[in-house]
Amino acid sequence: MASSKRDCYEVLGVPRDATAEQIKKAYRKLAMANHPDRNPGDKAAEERFKEATACYEILSKESSRAQYDRFGWAAFEHGGGGGGGFGGGVDLEEALRAFAGAFGGGGGGGFFESLFGAMGGGERASRTAPVDGADLRYDLELTFEEAAVGVRKSMSLPMEEDCPSCRGSGAADGSRPVPCPHCGGRGMIVGGNGFFQVRQPCRACGGTGEIVRDPCRICNGTGRVKKKRDIELNIPAGVDSGFRLRLAGKGEAGTRGGADGNLYVVLHVQEHPVFAREGLDIHCNVPVPFHVAALGGEMMVPTVRGDVPLKIPAGTQSGRVLPLKGLGLPDPRGGGRTGDQYVRVGIEVPVGLNSTAKDLLTAFGAAVKDGHHPQLAALRRKADAFYGKRDVLQRQKERKE
């Protein structure tokens, strides 16, 4: 007897030689238009959604599409083959699962597993499976000196781990958790109304499906206890703010035999009154006596490795930057790379001079000509050019008035 169901290709509006991508695109369009969330209470839209989903389930798979092309709906009715039971109608939950699969949701996994609940015994299996501990973050402040030369730090951090008395069950010795009476041990509560139902974790048991009637006295039934964990941290030289150290297995302890999480230590380096850093390079402002800057000479300047001699060329002006190659910070990741230090010169004028020094400076000033101060001479030339243009404009203005 011929089936009363409409032709699948007609339902989806595609030709019989349509590609898999054309079928998927057509189904998406129909499913979005008739989705129950967009048409609450519309039974006709719900039926169109189910019909389109049933057809998509058949035509999206090569094996079932081949059966349909040969036998039509008869291949899926009266136990006639792998149509997923579409001969007896489509369950809305299954239709929504198929809709998720068409949009890259993997069919019945991920979001829809948590929305509708796992099938069969999957809930209890997931609750008793090992759970890895969470990764943790710890922010550590260092002085500039500690970051420059490296340091070893000892830390004591509070961590949660399985209670040693009840081994993480939360139940006292001689007892064990019992199925939660509120959810019947499923860990999920069904809510909602109409044809759309949502499963949520049971609040009474926290989604575990079990409650503890005789709690462990050590952990008060939580199955977890806080414990100080001592950690030794070796910080390499050259680290900067934002540098992150990963300590494998030093994070939160896993439950039911799960692996421990990782600990990530994020460093924050204090500023220094003498040295400023830019990557691995160090910058330092050094005041230079004016006679040294004028005549040239050698000065001892500070670096992160101690004082070193720096040659000051004759005629050095304030603001000039002199490099010290290889005297910056080492790369904390290794590789042997080291930064440089850059010294910015600032000319310092002497104060508190006695009469002899003042007389000598007076004689020095008399001997110095304008050509000995090229920057000052350049400033005078630019100012005189401004005055000349200003005066011309002023005279033109007066004539017009």
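Biologist: Happy to start with a glycine: does G261 count as buried or exposed?

Modeller: One note on the ground rules: this is a predicted model, with local features needing pLDDT of at least 70 and side-chain atom pairs counting only at pLDDT 80 or more, while totals for chains, interfaces and linings use all residues. Residues are numbered from 1 along each chain as its sequence is written, and side-chain values use heavy atoms, with hydrogens and water left out. Buried means under 20% relative accessible area, exposed over 50% and partly exposed in between, with a 1.4 Å probe and protein chains only. The relative accessibility of G261 is 4%, so the residue counts as buried.

Biologist: For the chain as a whole, what share of the contacts with a separation of 6 or more comes from residues 24 or more positions apart?

Modeller: For context, the chain has 401 residues, of which 33% are buried, and its secondary structure comprises 11 helices and 15 strands. Among contacts with a separation of 6 or more, the share from residues 24 or more positions apart is 61%.

Biologist: How many disulfides does the structure hold?

Modeller: A disulfide is a pair of cysteine sulfur atoms within 2.5 Å. C55 is buried at 1% relative accessible area, and its sulfur has C8 as the closest cysteine partner at 3.2 Å, which is too far for a bond. C219 is also buried, at 5%, and its sulfur lies 3.7 Å from that of C166, again too far for a bond. The number of disulfides in the structure is 0.

Biologist: Which strand does β11 run parallel to?

Modeller: Two strands pair if DSSP finds at least two bridges between them. Strand β11 (residues 281-289) has 8 bridges to its parallel partner, residues 341-348. One of the bridge pairs sets H283 against Y342. The parallel partner of β11 is β15.

Biologist: Which residue in the turn of the β12 and β13 hairpin has a positive phi?

Modeller: Strands β12 (residues 297-301) and β13 (residues 308-312) run antiparallel, joined by 5 bridges. V301 stands opposite V308. The hairpin has 6 residues between its strands, and the turn residue with a positive phi, about 115 degrees, is G306.

Biologist: Is N220 buried or exposed?

Modeller: N220 belongs to the loop between β6 (210-211) and β7 (224-235). Its phi is near 60 degrees, a positive value in a residue other than glycine. Most residues other than glycine have a negative phi. With a relative accessible area of 63%, N220 is exposed.

Biologist: Which element gives the largest share of the lining of the largest pocket?

Modeller: A pocket is an open set of points on a 1 Å grid over the protein atoms alone, where a 1.4 Å probe fits, with protein on both sides within 12 Å along at least five of seven lines; lining residues have an atom within 4 Å of a point. Here 22 residues line the largest pocket, with F290, H291, A294, F364 and H373 nearest its centre. Two or more lining residues come from each of α9 (290-295), α10 (355-367) and α11 (374-400). The largest share, 5 residues, comes from α9.

Conventions:
Helix = DSSP H or I, 4+ residues; strand = E, 2+ residues; numbered from the N terminus. Contact = heavy atoms within 4.5 Å.
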